[in-house]
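This report walks through one protein chain for a reader who is new to structures. Please keep the sequence and the model in view while reading.

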Amino acid sequence: MKNISRAAIPFIFLFTYFLFIAGCALTSLESPEVTLADVQVSEIRSFETVFLVQLRVQNPNEKPLDIEGLSCEMELDGRKFASGLQGAQQTIPPYGTALVPVEVYASVIDMVGSAISMVKSASKKEAQFEDVNYKLSGTVNVKMSGFSHKLPFESSGKIDLN
C-alpha cells in the first residue's frame with residue numbers, strides 16, 4: 001500500500017463499486033424472446049439471395065432494452081440457411097415488443113441443398129410437402145448503464161409449405 005497514494009484510494013473504491021453495480025444490472029437481465037414474424041425475398045444475386053426478415057423481439061424485463069444491434073442465424077431442417085446482422089438502434093419498452101427488420105443472406109448452394117431435400121421427401125409421400133422445421137438463434141446487443149452486453153436467444157418452429 002506504500003506505492004498507492006492515499007488520495008487515489010477513494011477513486012479506486014468508487015471505480016470498483018460502479019463496475020460491480022453495472023455488472024449486477026446486466027446479469028439481472030433476462031434474454032429477450034425472439035421469434036420469426038415474416039420473411040420476404042429482397043434480392044436475388046448469382047450466388048446468394050437476400051431476405052428481409054422481420055423478427056419479433058419481446059422484452060421480459062422491467063427495464064427497457066436499448067438494442068444496439070442484433071445478429072442471427074437461420075437453419076432449415078437442421079441445415080444452415082441464412083445469417084445476418086442489424087445495426088440500427090432501437091428501444092423496446094419494459095414488457096413490450098417490437099418488430100426488428102434484419103437482412104439475412106443465404107447461399108444459393110445451401111438453398112439448393114435444402115430444396116432437393118424437400119423435393120425428395122415430398123416425392124415419397126403423395127406429392128405433399130412436409131412442414132419445414134426452422135431454428136433461429138443469435139444475440140441481441142444491448143446497452144445498459146453505459147456498458148454493452150450480448151443476450152443470447154434461440155427459437156424454433158415449423159413452416160407449413162402446403
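Among contacts in the chain between residues at least 6 apart in sequence, 63% join residues at least 24 apart, where contact means heavy atoms within 4.5 Å. The model is predicted, and for that reason local features need pLDDT of at least 70 and side-chain atom pairs count only at pLDDT 80 or more, whereas totals for chains, interfaces and linings use all residues. Residues are numbered from 1 along each chain as its sequence is written, and side-chain values use heavy atoms, with hydrogens and water left out.

**The chain as a whole**

The secondary structure comes to two helices and eight strands, which are DSSP runs numbered from the N terminus (helices: H or I, at least four residues; strands: E, at least two). Read from the N terminus on, the elements follow the order α-β-β-β-β-β-β-α-β-β. Of the 162 residues, 29% count as buried; buried means under 20% relative accessible area, exposed means over 50%, and partly exposed lies in between (1.4 Å probe, protein chains only). The chain exposes about 10,300 Å², of which carbon and sulfur atoms supply 58%; such areas come from the Shrake-Rupley method with a 1.4 Å probe, and for residues only the protein chains shown count as cover.

**Paired strands and the core**

Two strands pair if DSSP finds at least two bridges between them. Strand β7 (residues 132-144) pairs with β3 in the antiparallel sense over 10 bridges, and one of the residues involved is Glu73, whose bridge partner in β7 is Ser137. β7 is also joined by 13 bridges to strand β8 (residues 147-159), and these two run antiparallel; here Asn133 has Lys158 in β8 as its bridge partner. β7 and β8 form a hairpin with two residues between them, and Ser145 in the turn has a positive phi of about 55°.

A nonpolar core is a set of buried Ala, Val, Leu, Ile, Met, Phe, Trp, Tyr and Cys residues joined through side-chain atoms within 4.5 Å. The largest such core has 29 residues, and Leu55, Leu70 and Cys72 are those with the most contacts inside it. Two or more residues of this core come from each of β1 (33-44), β2, β3, β4, β6 (97-107), β7 and β8. Leaving aside neighbours within four places in sequence, Cys72 is in contact with residues including Leu55, Val102, Leu136 and Phe153.

| Residue | Relative accessibility | Class |
|---|---|---|
| Asn59 | 3% | buried |
| Asn61 | 5% | buried |
| Gln89 | 66% | exposed |

The side chain of Asn59 reaches the backbone oxygen of Ile92 at 3.3 Å and the backbone oxygen of Pro93 at 3.2 Å. With neighbours within four places in sequence set aside, Asn61 is in contact with Ser28, Leu29, Glu30, Pro94 and Tyr95.

Which residues does Gln89 touch, not counting residues up to four places away in sequence? They are Ile67 and Glu68. The C-alpha atoms of Gln89 and Lys143, which are 54 residues apart along the chain, are separated by 9.9 Å.

Technical notes:
A polar contact is a pair of N or O atoms within 3.5 Å; within protein, one must be able to donate a hydrogen and the other to accept it, and residues adjacent in sequence count only if both atoms are side-chain atoms.
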